[in-house]
Amino acid sequence: MSVNLTLLIVMGVLYACGIYLILERSLTRVLLGLMLLANATNLLILATGGYAGLAPLFSKSTDPRDYNDPLPQALILTSIVISFAVTAFMLGIIYRTWALARQDDIQDDAEDRRVAKTPSFDVEDDSVVPEETSEFPVTAVTEAAKEGGPQ
């Protein structure tokens, strides 16, 4: 299977621009980044689908390897529907933030800054766990196995 190099370069540029836009603080740019990532993913699925073949209509005289695989087309259609739903959801969020605050940028609040300053070490979660956590000691189990008794 040979993939078109131009298609791969366009995919890479779309992914790079989409990731760059998602990292911005403006919700409109995040929306544009999500749209670019969705289109790049559609191109990726299209490129992995292989060569264009015959329509998948059965005929006894046609070799089965000559048919086109309909699965990538179905996945692209599903991806288009999902990206449309995400776009509509993001447009709703953008409209709501504009109606409430008259700004498009997401600002840090005091709680975000407080959480960022707290150390990442937690005594309860990060303490050393003992190797044996069972209530039955390992020595009793190994002695019973040596005697041939039930384990």
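In which loop is Arg102 found? Arg102 lies in the loop between helix 3 (71-101) and helix 4 (110-117), where helices (H or I, at least four residues) and strands (E, at least two) are DSSP runs, numbered from the N terminus.

This is a predicted model, in which local features need pLDDT of at least 70 and side-chain atom pairs count only at pLDDT 80 or more, while totals for chains, interfaces and linings use all residues. Residues are numbered from 1 along each chain as its sequence is written, and side-chain values use heavy atoms, with hydrogens and water left out.

## Overall picture

Of the 151 residues in the protein, 16% are buried; buried means under 20% relative accessible area, exposed means over 50%, and partly exposed is in between (1.4 Å probe, protein chains only). The accessible surface comes to about 12,200 Å², of which 64% belongs to carbon and sulfur atoms, with areas taken from the Shrake-Rupley method with a 1.4 Å probe and, for residues, only the protein chains shown counted as cover. Among contacts (heavy atoms within 4.5 Å) with a separation of 6 or more, 56% are between residues 24 or more positions apart.

UniProt, in an unreviewed entry, places the feature "transmembrane region" at residues 6-23, 30-54 and 74-95; its positions are given in the numbering used here, feature names are shortened, and annotations may be inferred rather than shown by experiment. In the model, residues 6-23 are 94% helix and 0% strand, with end C-alpha atoms 26 Å apart, and residues 74-95 are 100% helix and 0% strand, with end C-alpha atoms 32 Å apart.

## Helix 3 and its surroundings

Helix 3 has 31 residues and reaches 44 Å from its first C-alpha to its last, close to the 45 Å expected at 1.5 Å a residue, the expected span being 1.5 Å times one less than the number of residues. Its buried residues are Pro72, Ile76, Ser79, Thr87, Met90 and Ile94, and these pack against helix 2.

Ala74 is also placed in helix 3, and its C-alpha atom is separated by 10.0 Å from that of Ile45, 29 residues apart along the chain. Tyr67 lies in the loop between helix 2 (27-48) and helix 3; Tyr67 and Leu57 are 10 residues apart in sequence and 8.1 Å apart in space, C-alpha to C-alpha.

Helix 3 is followed by Arg102, whose phi is positive, near 55°. Most residues other than glycine have a negative phi.

| Residue | Relative accessible area | Class |
|---|---|---|
| Leu8 | 41% | partly exposed |
| Tyr67 | 22% | partly exposed |
| Ala74 | 39% | partly exposed |
| Arg102 | 59% | exposed |
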